[in-house]
Structure formats: structure tokens, C-alpha cells
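I opened my notebook to record what I looked up in this structure, entry by entry.

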Amino acid sequence: MRRVPFDRLHTVCLTYESRAGYTEICREPDGTRWIRLCIRSDACQRELLSGLDESVPVRLESGVLEVLLPCHEGISLRQWRYEQKPDLSRRRDACLSLLEQLVEGNVPPCLIALSANTENLTLTGRSMFLQYLPELRQWEPGIDEAQAVRAVAAVICEVLSEKAAPWQSKRIPEELSLLNLRRQEQDYTSWSQLQRDVAAVPDTLPGRSSVLRPYIRRVRGWLCRYGKYLLRVLAALLLTAALLSLISAYRRYAREKNEIVWQGMPQVGDQDLRNEEDGE
């Protein structure tokens, strides 16, 4: 990294400020942008310098340690998701590029852990970068690599996650479920472990048939085990229904037969036999 004159930098915006220090984005006269960390705390200064690469520009001015870090150009994660709608494979590859940057960047764990936030992610092409804009108010000296790995794991899980409808909530690959579980259990302690789990994430989400396959196998096994008993029960039910239908038909026939009564001959010519019967 080339040396940069601190006095030629122009402050563009102030991002974070606390008693421990502040962070701001600066710009050179040629337009190149930098992130400048200004650390007041002695303990934080020692922790930062102990893991900082020698090529990083630093200076101590009036007891304040100033550190210059590159500011990556690109679009935000939210804009990337909205405009490009990346599938799972693209999100996975972007996360792998982020991990490659963090492993090879020679940046102290404290800086990574304090900057690990989706709002600090920038994407350019197929690469994802973490802007080192630490939340200095949360800086407690003694942050190790395991804490940095766990902080990045939480960010990666958020990048890989996808909002789905309630009926699609179970459409999650097993590899991604394992990643989330290990993140929740705070199991990650090394970059290699996290890289291995991210690389195992498949290209696409499982289809609807893949989600239903375990249930189909379960129903099929249940039918193989109890199918013959089920057929017997169905046969008995059909026979009972047939008998009930036959009995109902016979009862209806008998009722209709009883209702048919011989009416006789009430009238012969001009003579009404019913009146004569009434007269008797």
C-alpha cells in the first residue's frame, strides 16, 4: 500500500464517534477515498497496532493514533439484492470472496469483529468487501480471532438467508441449516472452519418435491406396513354400506306396497255405491 500524506486528505463524512475515537471517510485530491480511524484509547491503540500490517499508513498526532484503510467502491448489499436478485450460488460465492479478503488482509481481529455488519458490505462484480468502519463504542480490548470469525459468520448467514413465504419456510438446504446452527451455538473458532461450511452450501434451494420427499417416503412406508389392514377395513366398510343400502331399499319397497289399497268401484252408471253404503 502506497504512503498517503495525511494532511492532503479531505473529510467527506464522519461515521462513528465515541470516547475511544472516531471513524471518518476521507478523499485525496485525485478522488481516491480512504477510511481514517482515529483511536484515542491507549489500550485500543496497542491492540490495533499489534495486528496491523506494516504497509498500512499510520501516524500518532497529539496522542491520537490515525490509521488509513482502503475504501472499496461498489454498491451496498441491499442495492445488490434489489437490482440483481442474486441466487444462492452467487451469494455463496460472494461470501467466499469476503472470507478470502479477511484471511489474506492481515487485519487485526478487533477491527473485523467491530466492523462486521451488513451495512458495511460493498459489492463489486462478483466480489464482496467489508468496509472497516468499526463501532468504536463496543470496543473492549482483548478481541481474538474466534470472536472475529463468529461476527463474520453472523453476517454471512444474513447474506445467505432469503425471505420466503410461510409455506416455503422449510425450503432450506441442510448445509445452510448447519451453518446457522453452528453460528447460533457459537461453534466457529477459525476461518478455515467457516470457509469449509460456506463452500458446502449448494447452488440452489431445494425444490418443492425435495421438501416433500421425506414425507412421501414416510407415508409410503406406513402404507407398506399397514396397507393390508387398511384394505380389509375398506372392504368391510363397503360391504356394510352395501347391506345398509339393500335394507333401505327393501324397507322403501314394503312401505310403498302397503300404501297401495284397492279403491273398489264407487259408482256404477248413475248410482253412487258410497252413498248406499253410508245409508246402511
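Predicted model: local features only at pLDDT ≥ 70, side-chain atom pairs only at ≥ 80, totals over all residues.

**Ground rules.** Residues are numbered from 1 along each chain as its sequence is written, and side-chain values use heavy atoms, with hydrogens and water left out.

**The sheet.** I looked up the strands (DSSP runs of E, at least two residues, whereas helices are runs of H or I of at least four, both numbered from the N terminus) and found five of them in an open sheet, ordered β1-β2-β3-β5-β4 with antiparallel pairing. Two strands pair if DSSP finds at least two bridges between them. The edges are taken by β1 (10–18) and β4 (58–61), each with a single partner strand, so one side of each has no neighbour in the sheet. From one strand to the next, the twist averages 20°, an angle between N-to-C directions on a scale from 0 to 180 degrees, with axes fitted to C-alpha atoms, for helices over the stretch in contact. Seven bridges join β2 (residues 21–27) to β3 (residues 33–39) in the antiparallel sense, and R27 has R33 of β3 as its bridge partner. Helix α1 (residues 42–51) packs on the sheet and touches β3, β4 and β5 (64–70), its direction making about 35° with that of β5; touching here is contact, meaning heavy atoms within 4.5 Å.

**The helix pair.** I then turned to α3 (residues 88–104) and α7 (residues 191–199), whose axes come within 10 Å and cross at roughly 165°. The contact includes R92, C95 and L96 of α3, and W191 and L194 of α7.

Is E135 buried or exposed? E135 is buried, at a relative accessible area of 13% (buried is under 20%, exposed over 50%, partly exposed in between, with a 1.4 Å probe and protein chains only). E135 is found in the loop between β8 (127–130) and α5 (145–160), and its C-alpha is 6.4 Å from that of Y16, although the two are 119 residues apart in sequence. R91, in helix α3, also counts as buried at 4% relative accessibility. Leaving aside neighbours within four places in sequence, R91 is in contact with W80, P86, V159, L160, S161 and E162.
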